[in-house]
Amino acid sequence: MFTTYVLFCSLITGSCTEAIDTEGPYRTQQECRIRAVEMAAAISTVSQEPQRFHYKCELELGRYDYAA
């Protein structure tokens, strides 16, 4: 399972903020990457200044899913 993190940094001030996804975790890295793009798009709509985005899909160790 992967947790999505998005780091967004102002191109004007250089300050950065990390956003942690609250909808996951995700089963695959691909799902995690898709969520990162969605998060970046949402942040862009509310931001008043240009941003640079970076993301990370972190594997949650010790977490197991069991089929019912």
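Predicted model: local features only at pLDDT ≥ 70, side-chain atom pairs only at ≥ 80, totals over all residues.
**View 1. Three strands make an open sheet in the order E2-E1-E3, with antiparallel pairing.** Strands pair here if DSSP finds at least two bridges between them. The edge strands are E2 and E3, since each pairs on one side only. From one strand to the next, the twist averages 20°; axes are lines fitted to C-alpha atoms, for helices over the stretch in contact, and angles run from 0 to 180 degrees between N-to-C directions. Residues are numbered from 1 along each chain as its sequence is written, and side-chain values use heavy atoms, with hydrogens and water left out.

**View 2. E1 and E3 run antiparallel and are joined by nine bridges.** Pick out Leu7 and you'll find His54 as its bridge partner in E3. Cys9 has Arg52 of E3 standing opposite.

**View 3. E1 and E2 form a hairpin with five residues between them.** Five bridges hold the antiparallel pairing of E1 with E2. Look for Tyr5, which stands opposite Ile20 in E2. In the turn, Gly14 has a positive phi of about 85°.

**View 4. Thr4, in strand E1, is buried, with a relative accessible area of 0%.** Buried means under 20% relative accessible area, exposed over 50%, and partly exposed in between (1.4 Å probe, protein chains only). Leaving aside residues up to four places away in sequence, Thr4 touches Ala19, Ile20, Asp21, Tyr26, Cys32, Arg35, Ala36, Met39 and Lys56; contact means heavy atoms within 4.5 Å. Eight of the nine residues of E1 are buried, so the strand is largely enclosed by the rest of the structure.

**View 5. Helix H1 lies across E1, E2 and E3, running at about 30° to E1.** Its buried residues are Cys32, Arg35, Ala36, Met39, Ala40 and Ile43. They sit on the same side of H1 because they cover an arc of only 145° around the axis, taken from the directions from the helix axis to the C-beta atoms.

Notes. Helix = DSSP H or I, 4+ residues; strand = E, 2+ residues; numbered from the N terminus.
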